[in-house]
Amino acid sequence: MKNFANLFLQLDRTNKTNEKVQLLSSYFATAPDADKIWALALFTGRRPPSNIKTADLHNWALEATGIPEWLYRECYNNVGDMAETLSLLLPDHPSSSSKTLSEWFHELVDLKKLSDEEKKKFILNAWTQFSPQEIFVFNKLMMGSFRIGVSQTLVIRALSEATHMEATVLTHRVMGNWDPFKTTFNDLIHAENTGDKNSRPYPFYLAYAMEGKVEDLGTAEDWMVEWKWDGIRAQIICRNHELYIWSRGEELISDKFPEFKIFQDLLPDGVVLDGEILCFANNRPLPFNILQTRIGRKNVTKKILQEAPAVFIAYDIIEVNSNDIRSFAQIKRREILEQLYQNIKTNPAFRISPLLQFTTWAELKDLHMLSRENVAEGFMLKRKNGYYQTGRRKGDWWKWKLDPLSIDGVLIYAQKGHGRRAEYYTDYTFAVWDNENLVPFAKAYSGLTKDEIKEVDKFIRSNTTQKFGGVRNVKPYLVFEIGFEGINKSSRHKSGIAVRFPRILRWRKDKSVQEADTIENLQKLLHHTTTGIEFS
């Protein structure tokens, strides 16, 4: 338990990707196998249900500390997290537990068999065996609120370094409904799996953002151009009469899109396609927020399939007849893709990304201005004689995105950040005017310099009007330009609007709060830039 708590705290203190991978790799290389399987379960979102009521923990902690309710509330309002608040308030004890992470989890699960008094005795005794840092992690695990800033991709990278196995093989093995109580680390990771080779995707080729002018790329006729879709980048693999769908984040997502299962019969064997998954209706892509309703759901219901119908838009083919054709020229791969499409284009779930017709860069610039009308982020430019490379490479693939939309919003709420930013208020909520009222429309936490963060933090602390747990209501005074990639109707937001990838573009010190934008301006952007389809 000590080692895992130390790992948790070190991960929380850094925002550097390589450091996180190194920390995780070291843990997977040295921890007992029984603990590794639990760590892997936690980092991939698998947690047993909590058998302790939050209200009971609160009451037991007050009893153990002897502090009054009002003082606890003040502490909680300042910290904003119950697990951390309790770890700071509970007294230090000299005793130390030697139990492993696995042993603690087995005991926590067994609590469901105990009476409330027995549960209380167990928890009070457990708190006396930990340091404050370990109490914090233990509380997080016990309350089912374990969250840490590492993606599954980082965990797989670390596991790959520790085990010397390929990341794609490991990704395939950690997917599915395995149970850390019933599955051993060796059975999950090291046991032979004949499906590994068949399901293995290719490393994705990633484009660089356009640098300079499009004319700098040379002759226009040397390039093919497609819309840049705002969906889920994916590879569809059909091998040995099995279908596998991998996201760019190396997540196996075959079960998330049951309408694609028909591809197993339509596609020839030994084929790998690269493309984008989008939601589609009336022959037109739907906004990304509709696709989000498909992401993260354990069960895709009939209702979801009807309201968020998905399609795969293919724009490249990298394996044919079980042969790797990534070294073929882009134009040749396109010809092969179009030939394949002719045989299955009658299926509405399979589409091919259309090539845009142009003869000069000037014509292409005019088309670029129509991106949002086509529910696209801009263009993908691909050199006709280029080959399919690995990772992010300059030269043959470029993404030419539109400049972000922007609105001037007023800072009205703030929360503390995480990791190195935990001591500052860096997570902000912004609002626009709706007649005489300010209505929140976006949350953002990136875009300010270190000095600006400190200056805004000082303002927040001096101008807090109310506190709600870890959230501070701030006097409406500071105005910021908020940039975002897309905008859609949303019945789940108070403003009636949801924006995509919001971030701070600049601090508008030249504007007063009265000069901030209005809900009407947001609605105008919605009208001019998207289909405005409402989905709740």
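Asp-274 is buried, with a relative accessible area of 0%. In this predicted model, the side chain of Asp-274 meets that of Arg-233 in a salt bridge, with 2.7 Å from N to O.

**Overall form**

- The protein is built with 20 helices and 22 strands.
- Along the principal axes, the C-alpha atoms fill a box of roughly 80 × 65 × 40 Å.
- The radius of gyration is 26 Å, which agrees with the value near 24 Å that a compact globule of 536 residues would have.
- Of the 536 residues in the protein, 50% are buried.
- Among contacts with a separation of 6 or more, 71% are between residues 24 or more positions apart.

**Salt bridges**

- The structure holds 27 salt bridges, one of them being the pair of Arg-233 and Asp-274 described above.
- Arg-294 and Glu-259 also meet through their side chains in a salt bridge, at 2.8 Å from N to O.
- Both partners of this pair are in loops: Arg-294 lies between α15 (288-291) and α16 (302-307), and Glu-259 lies between β5 (242-247) and α14 (263-266), so parts that are 35 residues apart in sequence are tied together.
- Arg-294 counts as buried because its relative accessibility is 1%, under the 20% limit.
- Glu-259 has a relative accessibility of 21% and therefore counts as partly exposed, a class that runs between 20% and 50%.
- A network of salt bridges links four residues: Asp-408, Arg-508, Asp-510 and Lys-511.

**Lys-120 and its partner Glu-63**

- Lys-120 is part of helix α8, which covers residues 116-127.
- Which residues does Lys-120 contact, leaving aside its neighbours within four places in sequence? They are Trp-60 and Glu-63.
- With Glu-63, Lys-120 forms a salt bridge in which the closest N and O atoms are 2.8 Å apart.
- This pair links distant parts of the chain, since Glu-63 is in helix α4 (residues 54-65) and Lys-120 is in helix α8, 57 residues apart.
- Is Lys-120 buried or exposed? Lys-120 counts as buried, because its relative accessibility of 15% is under 20%.
- Glu-63 counts as exposed, because its relative accessibility of 52% is over 50%.

**Packing of helices α8 and α9**

- Two packed helices are described by the angle between their axes and the distance between the axes.
- For α8 and helix α9 (residues 132-143), the angle is about 150° and the axes are 10 Å apart.
- An angle over 145 degrees counts as roughly antiparallel, and α8 and α9 are therefore roughly antiparallel to each other.
- On the α8 side, the residues that meet α9 are Ile-123, Ala-126 and Trp-127.
- On the α9 side, the residues that meet α8 are Ile-135, Phe-138, Asn-139 and Met-142.
- By class, this contact has 6 nonpolar residues, 1 polar residue and no charged residues.

**Loop residues with a positive phi**

- Most residues other than glycine have a negative phi.
- Asn-240 is not a glycine, yet has a positive phi of about 50°.
- The place of Asn-240 is the loop between β4 and β5.
- Asn-240 is partly exposed, with a relative accessible area of 48%.
- Ser-322 also has a positive phi, near 65°, and is a residue other than glycine.
- The loop that holds Ser-322 runs between β8 (310-320) and β9 (323-324).
- Ser-322 counts as exposed, because its relative accessibility of 53% is over 50%.

**Tyr-477**

- Where does Tyr-477 lie? Tyr-477 lies in the loop between β18 (471-474) and β19 (479-484).
- Beyond its neighbours within four places in sequence, Tyr-477 is in contact with Val-410, Phe-459 and Val-513.
- Tyr-477 and Ala-34 are 443 residues apart along the chain, and their C-alpha atoms are separated by 53 Å.

Methods:
Residues numbered from 1 in each chain as written. Predicted model: local features only at pLDDT ≥ 70, side-chain atom pairs only at ≥ 80, totals over all residues. Heavy atoms only, no water. Helix = DSSP H or I, 4+ residues; strand = E, 2+ residues; numbered from the N terminus. Buried < 20%, exposed > 50% of the residue type's maximum accessible area, 1.4 Å probe, protein only. Contact = heavy atoms within 4.5 Å. Axes fitted to C-alpha atoms, helices over the stretch in contact; angles between N-to-C directions. Parallel < 35°, antiparallel > 145°, perpendicular 65-115°, else oblique. Nonpolar A, V, L, I, M, F, W, Y, C, P; charged D, E, K, R; others polar. Rg over C-alpha atoms; globule rule 2.2 N^0.38 Å.
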